[in-house]
Amino acid sequence: MDVANKSTVSEFVLLGLSNSWELQIFFFMVFLLFYVATMVGNGLIVITVIVDSHLHSPMYFLLTNLSIIDMSLASFATPKMITDYLTGHKTISFDGCITQIFFLHLFTGTEIILLMAMSFDRYIAICKPLRYASIISPQVCVALMVASWIVGIMHSMSQVIFALTLPFCGSNKVDSFFCDLPVVFQLACVDTYVLGLFMISTSGIIALSCFILLFNSYVIVLVTIKHHSRGSSKALSTCTAHFIVVFLFFGPCIFIYMWPLSSFLVDKILSVFYTIYTPILNPVIYTLRNREVKAALRKLKNRFLNFNKATPSHYF
């Protein structure tokens with residue numbers, strides 16, 4: 001911590017995605033729409049699963065937690081970026097920057113483990129259906145959820161501790177719309193190239209390893225589905241939806257952290273994917289492709305409409 005206190009940089013300037021005023025207005029409208037849709041869509045999934053007893057199963061328990069993480073991932077930086085486009089105030093304090101790094105790695109690390117848990121759930125459901133109830137019990141689901149958050153906290157703490165040891169005494173311009181270790185690291189005024197490259201690339205290696213495990217599990221599941229024609233359409237649809245989310249989440253993470261000194265433009269585009277675009281995929285894919293969720297949403301809508309009809313409209 002003493003090293004961190006030597007830093008003469010008290011705030012950073014977030015350069016954002018573009019200097020063009022027209023593009024900034026466009027990004028403001030698009031990201032505001034995406035953010036609202038992400039919060040509403042994922043919020044509806046959480047409420048629907050809680051309210052509808054037919055969805056009280058391990059898969060939907062994990063899906064609810066994924067929705068909560070997606071809402072958190074969409075909120076750690078996007079609201080500030082949206083308001084910055086309006087106010088033109090694009091600075092962030094040193095503590096605020098470290099906080100963004102912490103929450104980014106907390107939510108991404110947690111989501112990686114949770115996606116692996118969801119893959120394990122589908123693997124057991126399809127490959128070992130007779131043992132599903134005994135293996136994927138409510139206690140196991142809670143344990144998987146707790147484990148995902150513990151791993152996320154441990155991972156984010158390691159990133160933050162490393163960031164706090166870096167002295168900053170030169171440029172304070174972050175070429176992104178939020179603080180992350182690969183871009184902040186390059187502003188440090190000390191030659192920690194090898195250590196930094198190793199520290200950052202480790203995140204990429206972890207993400208790549210998890211993706212390979214997930215990919216192999218889905219291959220096994222798809223092969224199993226191919227040999228069982230009965231009910232294969234629903235299982236194939238579910239697994240396809242899972243893999244789309246996995247691929248679009250892991251792809252940008254692997255590229256950014258495996259090659260941390262690559263083009264800033266490419267990194268910024270990929271950062272948009274896993275912080276803004278991917279969180280909205282959860283409600284879109286799982287809701288539009290899942291009959292049970294769509295039926296539960298219709299029931300929730302009808303219950304809400306009936307409640308409004310039953311409520312007296314005049315109090316005078």
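How many nonpolar, polar and charged residues are in the lining of the second largest cavity? By class, that lining has four nonpolar, one polar and two charged residues. Here Ala, Val, Leu, Ile, Met, Phe, Trp, Tyr, Cys and Pro count as nonpolar, Asp, Glu, Lys and Arg as charged, and the others, Gly among them, as polar.

This is a predicted model, in which local features need pLDDT of at least 70 and side-chain atom pairs count only at pLDDT 80 or more, while totals for chains, interfaces and linings use all residues. Residues are numbered from 1 along each chain as its sequence is written, and side-chain values use heavy atoms, with hydrogens and water left out.

**Cavities**

A cavity is a set of points on a 1 Å grid over the protein atoms alone where a 1.4 Å probe fits but cannot get out, and lining residues have an atom within 4 Å of a point. A volume is the space filled by probe spheres set on the points, which are joined across faces, edges and corners. The count comes to two cavities of 30 Å³ or more.

The largest cavity has a volume of about 100 Å³. Eleven residues line the largest cavity, and the closest to its centre are Ser176, Val183, Ile256, Asp267 and Ser271. Helix H11 gives the most to this lining, with four residues. Helices are DSSP runs (H or I, at least four residues) numbered from the N terminus.

The second largest cavity has a volume of about 70 Å³. Among the residues that line it are Met81, Asp84 and Tyr85, and helix H4 (residues 78-87) gives the most, with three residues.

**Salt bridges**

A salt bridge is a side-chain nitrogen of Lys or Arg within 4 Å of a carboxyl oxygen of Asp or Glu. The count comes to three.

| Pair | N to O distance |
|---|---|
| Lys299 and Asp52 | 3.5 Å |
| Lys80 and Asp84 | 3.3 Å |
| Arg122 and Asp121 | 2.8 Å |

Lysine 299 in helix H12 (residues 291-310) and aspartate 52, in the loop between helix H2 (21-51) and helix H3 (58-75), are 247 residues apart. Lysine 80 and aspartate 84 both lie in helix H4, four residues apart. Buried means under 20% relative accessible area, exposed over 50%, and partly exposed in between (1.4 Å probe, protein chains only). Aspartate 84 is buried at 8%, whereas lysine 80 is partly exposed at 22%.

**Nonpolar core**

A nonpolar core is a set of buried Ala, Val, Leu, Ile, Met, Phe, Trp, Tyr and Cys residues joined through side-chain atoms within 4.5 Å. The largest has 72 residues, and Phe12, Phe31, Phe168 and Phe250 have the most contacts inside it. Helix H5 (residues 94-127) gives the most to this core, with 13 residues.

Conventions. On a 1 Å grid over the protein atoms alone, a cavity is a set of points where a 1.4 Å probe fits but cannot get out, and a pocket is an open set with protein on both sides within 12 Å along at least five of seven lines; lining residues have an atom within 4 Å of a point. Helices (H or I, at least four residues) and strands (E, at least two) are DSSP runs, numbered from the N terminus.
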